[in-house]
Amino acid sequence: MILAVDVQYSGSLAFVAGILFEDWNSQSSEAEYVSTLSDIKEYEAGNFYMRELPCILKLLEEHKLKPSIIAVDGYVFLDGVKKPGLGKHLYDSLNYQIEVIGVAKKAFSGISREYEIYRGKSKKPLYITTTGKLDSAKAFISGMYGENRFPFLLKRADQLCREEANKSLHQMS
């Protein structure tokens with residue numbers, strides 16, 4: 001199974017969503033999960049992973065998820081090769097047992113065109129980095145369901161955590 005994850009922040013709360021699906025061509029999820037964390041650290045420039053990593057680990061632990069691959073919204077390696085990003089820190093935290101693929105919407109300074117893929121009719125690339133084989137990761141993300149730049153199930157993870165954040169805000173008011 002493959003797990004797509006994303007996190008949404010609202011004040012000191014974080015809402016992390018996981019979308020579990022069978023294979024890269026899946027059009028729908030097998031299951032959807034959400035976890036909420038409080039007392040989240042403020043964003044620290046250059047250390048994004050310190051804020052996001054505890055959220056993803058909580059989701060995995062709370063729902064006892066054991067995917068074979070995790071797709072994160074962001075980078076595994078900021079430069080594509082060595083400089084660790086969120087995905088590399090996640091991979092290390094999981095004792096190198098679960099492959100991580102990073103799907104980033106914006107170029108990080110110094111990332112080469114080798115990491116770009118184009119989906120749909122978009123003129124803007126996605127940047128793919130991985131703890132596995134780059135060619136395979138690029139093929140997986142390129143082949144995912146959906147006609148838009150960002151694959152449907154990855155977008156669903158984003159939508160789900162945003163929905164949870166909005167629900168929480170409405171319940172508080």
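These legends describe close-up views of a predicted protein model.

**View 1. The whole fold.** The protein's secondary structure comes to four helices and seven strands. Along the sequence, they follow the pattern β-β-β-α-β-α-β-β-β-α-α. The radius of gyration is 15 Å, close to the 16 Å that the globule rule gives for 173 residues, so the protein is as compact as a globular protein of that length. The C-alpha trace spans about 45 × 35 × 30 Å along its principal axes.

View 2. Of the 173 residues, 49% are buried. The protein exposes about 9300 Å², and carbon and sulfur atoms supply 48% of that area. Now look at contacts with a separation of 6 or more: residues 24 or more positions apart account for 61% of them.

**View 3. The buried face of helix 3.** Helix 3 covers residues 134-142. Its buried residues are L134, A137, K138 and I141.

View 4. Side chains of opposite charge can pair when their charged atoms come close. The structure holds eight salt bridges. In one of them, the side chains of K105 and D73 meet at 2.9 Å, N to O. K105 sits in the loop between strand 5 (99-104) and strand 6 (116-117), while D73 belongs to strand 4 (residues 69-73). The two residues are 32 residues apart, and the pair links distant parts of the chain. K105 has 36% relative accessibility, so it counts as partly exposed.

View 5. K88 and D92 form a salt bridge through their side chains (2.6 Å, N to O). Both residues lie in helix 2 (residues 86-93). They are four residues apart, so about one helical turn separates them. D92 counts as partly exposed because its relative accessibility is 26%.

**View 6. A network of salt bridges.** Which residues are linked in this network of salt bridges? They are E32, R156 and E163. The side chains of R156 and E163 meet at 3.2 Å, N to O. Is R156 buried or exposed? R156 counts as buried because its relative accessibility is 16%, under the 20% cut-off. E163, at 36%, counts as partly exposed.

Definitions and conventions
Residues numbered from 1 in each chain as written. Predicted model: local features only at pLDDT ≥ 70, side-chain atom pairs only at ≥ 80, totals over all residues. Heavy atoms only, no water. Salt bridge = Lys/Arg side-chain N within 4 Å of Asp/Glu carboxyl O. Buried < 20%, exposed > 50% of the residue type's maximum accessible area, 1.4 Å probe, protein only. Rg over C-alpha atoms; globule rule 2.2 N^0.38 Å. Contact = heavy atoms within 4.5 Å. Areas by Shrake-Rupley, 256 points an atom, 1.4 Å probe, with all protein chains shown as cover.
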